[in-house]
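These are my notebook entries, written for someone who meets this structure for the first time. I took up one topic after another and wrote down what I found.

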Amino acid sequence: RSSPPPRNEPLRRVTLELEQKQQGMTLILHQLHYYQTHFELQFLWIRTPLRAGFAFVPRIIFALKDDTGTQWTGERGGILLARPELASDSNTAVYQGNARFRPLPSADARALTIRAIDPLAQFDYEAPQPWQFEIGLS
């Protein structure tokens, strides 16, 4: 009989490795982590650096919906960390993050649509469309 994973380790991991580029930014969905009461989306966000002195904490806002109609808006307790060691040059900023959602998708769910926006980009002259990813759940 196997023992359950430690409390901070996911019960299950699903590798996604999905990437979309949009107006000089890239969003990479890396993995879904399933825990006892919530799930987390692990991602990388690559963009141009914010101007010096700009008082804004970078973030991505997520909206999820499964094929049973359950929706998750925003996220609860996620993190976003600057990862300058991953940047290819000084004109690139890389952020690694996770977004946490409650409750878990139902066992009947077979597909998940993930939409994401950079709220700062919404102020641009031509605001980009949200990123949209379709994921099969099994």
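This is a predicted model: local features need pLDDT of at least 70, side-chain atom pairs count only at pLDDT 80 or more; totals for chains, interfaces and linings use all residues.

**Entry: a cis peptide bond**

With that in hand I looked up P103, and found that P103 lies in the loop between β7 (93-101) and β8 (111-117). The peptide bond leading from R102 into P103 is cis, and its omega is near -10°.

**Entry: positive phi values**

I then turned to backbone angles and wrote down two residues. E17, which is not a glycine, has a positive phi near 50°, and I placed E17 in strand β1 (residues 12-22).

**Entry: salt bridges**

Side chains of opposite charge can pair when their charged atoms come close. I looked for such pairs, counting a side-chain nitrogen of Lys or Arg within 4 Å of a carboxyl oxygen of Asp or Glu, and the count came to 5 salt bridges. I followed up some of them, including the one between R13 and E9, whose closest N and O atoms are 2.7 Å apart. In that pair R13 is partly exposed at a relative accessible area of 45%, and E9 is partly exposed too, at 35%.

Another salt bridge joins E19 to K21, with 3.7 Å between the closest N and O atoms. Here E19 is partly exposed, with a relative accessible area of 46%, whereas K21 counts as exposed at 65%.

I also wrote down the salt bridge of E85 with R83, where the closest N and O atoms are 2.4 Å apart. For E85 I found a relative accessible area of 53%, so E85 is exposed, the cut-off being over 50%. R83, at 24% relative accessibility, counts as partly exposed.

**Entry: E40**

Is E40 buried or exposed? I found a relative accessibility of 5% for E40, and because buried means under 20%, E40 counts as buried. E40 belongs to strand β3 (residues 39-47). Its side chain makes a polar contact of 3.4 Å with the side chain of H38, and the side chains of E40 and Q42 are joined by a polar contact of 3.2 Å. Leaving aside residues up to four places away in sequence, I listed what E40 touches, namely Q31, L32, H33, Y35, N98, A99 and R100.

**Entry: the cavity**

Rolling a probe the size of a water molecule over the atoms shows where empty space is left. How many cavities of 30 Å³ or more does the structure hold? I found 1 cavity of that size, and the largest cavity has about 30 Å³ of space in it. I then asked which residues of its lining lie nearest the centre. Of the 10 residues that line the largest cavity, those nearest its centre are Q22, I117, D118, P128 and Q129. Sorting the lining by kind, I noted 6 nonpolar residues, 3 polar and 1 charged.

Note on methods:
Residues are numbered from 1 along each chain as its sequence is written. Side-chain values use heavy atoms; hydrogens and water are left out. Buried means under 20% relative accessible area, exposed over 50%, partly exposed in between (1.4 Å probe, protein chains only). Helices (H or I, at least four residues) and strands (E, at least two) are DSSP runs, numbered from the N terminus. A polar contact is a pair of N or O atoms within 3.5 Å; within protein, one must be able to donate a hydrogen and the other to accept it, and residues adjacent in sequence count only if both atoms are side-chain atoms. Contact means heavy atoms within 4.5 Å. On a 1 Å grid over the protein atoms alone, a cavity is a set of points where a 1.4 Å probe fits but cannot get out, and a pocket is an open set with protein on both sides within 12 Å along at least five of seven lines; lining residues have an atom within 4 Å of a point. Grid points are joined across faces, edges and corners, and a volume is the space filled by probe spheres set on the points. Ala, Val, Leu, Ile, Met, Phe, Trp, Tyr, Cys and Pro count as nonpolar, Asp, Glu, Lys and Arg as charged, and the others, Gly among them, as polar.
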